[in-house]
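Subject: Handing over a structure

Hi there,

I am passing this structure on to you, and my notes follow below it. Have a look at it first, then read on.

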Amino acid sequence: LTSAFAIGVAARIAAQVASFVLILVASHALDLAQFGSYAIASALMVIATTLVYTGIYHLLLRTDDLDRDRDTFFLMQLAIGGAGALLMAGLGLAMGGFAAGGTDMALLALAPNPALSALSAWLEAQLVRERRIRTTALAVLMSELAALATSVAMFHAGYKIEALIAGRYAAMALVLLVYLAVLRRLPRPRFRRDSARRGLQQAWPLWGSSGLGMLSNYGADLVLGAFLSPAAVGAYRAGSRVANTAADVVLQPLGTISWARFARLEATANRAEIRGAWKENLALCVAILAPAMLSVSLLAPGIVSVLLDPAWGAAAGVVAILALSRSVDALVFLLEPTLTCLGRGRLQFLVRLGDAALLVVLLLSLGRFSAEAAAWAILLKAVLTGVAAMWVMCAALQVRPADLAEILAPGLGLALVCLLVIITLGAMPLARGPAAELFLTAGAVIVTWALAVAGLMRGRWLVLPTP
């Protein structure tokens, strides 16, 4: 219970709950069009910020001479964040600026965030390198709580989109304060050409892969914003937020721990240990994500009708479809750390490039007609990419089909058990009202799953990961 993964998951669960509560509050303060305007600007901000948190960020974990490289790497991260900030500001001004309101105002107001994230990413990478993952997890939790408190207070004061924007800056300020207090280190104005050259050579596949991954996550928002209306974007993003909540609490901490562990094993060039770590982390991820996402998909109508404002009912179908899509992400999330630490960075970039190209084709041909159509396009793309990613990783790690079946068996078995629980309770009207029915079913699924996972861990079918 005190392992880095357990603390990371607990902190991420609490942070995701805070983010989800914010969506609940926002659903009563904003209509779908207003929320969609914020979602479009937020999508561009997240894409730009993610590029700061990848590539050079991971080189800070892997470099063999941190004192030599870290200051140069910070300047490179700042350049990436600054470019994202300029792009957002330029788009906001071109669309009308602050006076126009809506998406234009949100773009300009959120524009500085990617540049500010350069410092937080630089500090966080060094904390992860020192295996202080509990610290970073708890800092993220506190920042999300600060964002929630700030936004809720501003909603009560009568603000609209401005409340969500202020929350993002409150989160950034708090995480910077925590990281600086713990690490007590600031970047120096030093630039080494050899460090920059080496960094660019190794970072571009990760930048490309993460950029394409962000296109996969937020491409639907941008396509719907271009072809339809902010209200359609709002319905899609609201549904995506609900579906992503359960997935992110697993994928983010497990992804961070996997990067830390794989980068450490890379230094010993021990392929067998990387293969063993990959098997353990994949088995655990599938065992958590597959049953959770199947349950969210089946319970989606009740989740939306009970927890969100009735005016946001259009998000229910999106939740059901995207939850299934996120379950497939368990097959893909180890692609970058696995292939990068095996020296196959170009290959993982090609997989992500194919993923992005497929997404664009599916969104433009199928997903541009409605929020649910966009969700179906995402699901189809996720399945095809998941198969390709598993084939590539198994080939690189020399994992046999029999081994893969053994890895996936616990997760698929748990998903079947959760399905049977939901079907059984659905056939037994034990509660009156949608709220009571939802909470009773969700509680039964969680208890059943927790007991089953405890048994699998006791039998060593599942193992908690270590950094």
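**Two helix pairs and a few residues**

Helix 4 (residues 66-95) packs against helix 5 (residues 102-110) at an angle of about 150 degrees, and their axes are 8 Å apart. Axes here are lines fitted to C-alpha atoms, for helices over the stretch in contact, and angles run from 0 to 180 degrees between N-to-C directions. Helices are DSSP runs (H or I, at least four residues), numbered from the N terminus. The two helices are therefore roughly antiparallel to each other (angles over 145 degrees count as that, and those under 35 as roughly parallel). On the helix 4 side the contact (heavy atoms within 4.5 Å) includes Met88, Leu91 and Met95, and on the helix 5 side Thr103, Asp104 and Leu107 are among the residues involved. By class, this contact has 8 nonpolar, 2 polar and 1 charged residues. Ala, Val, Leu, Ile, Met, Phe, Trp, Tyr, Cys and Pro count as nonpolar, Asp, Glu, Lys and Arg as charged, and the others, Gly among them, as polar.

Before you go further, please note that this is a predicted model, where local features need pLDDT of at least 70, side-chain atom pairs count only at pLDDT 80 or more, and totals for chains, interfaces and linings use all residues. Residues are numbered from 1 along each chain as its sequence is written, and side-chain values use heavy atoms, with hydrogens and water left out.

How do helix 11 and helix 17 pack? Helix 11 (residues 271-298) and helix 17 (residues 401-426) meet at an angle of about 20 degrees, with axes 8 Å apart, and are therefore roughly parallel to each other. Among the contact residues are Trp278, Lys279 and Leu282 of helix 11 and Asp403, Leu404 and Ile407 of helix 17. That contact has 17 nonpolar, 2 polar and 2 charged residues.

Glu336 sits in helix 14 (residues 335-341) and is buried, with a relative accessible area of 10% (buried means under 20%, with a 1.4 Å probe and protein chains only). Not counting residues up to four places away in sequence, Glu336 touches Leu206, Ser209, Trp259, Gln348 and Arg352.

Ala320 belongs to helix 13 (residues 316-328) and is buried too, at 19% relative accessible area. Leaving aside neighbours within four places in sequence, Ala320 contacts Ser297 and Ala300. The C-alpha atoms of Ala320 and Leu298 are 6.6 Å apart, although 22 residues separate them along the chain.

Best wishes

Note on methods: Parallel < 35°, antiparallel > 145°, perpendicular 65-115°, else oblique. Buried < 20%, exposed > 50% of the residue type's maximum accessible area, 1.4 Å probe, protein only.
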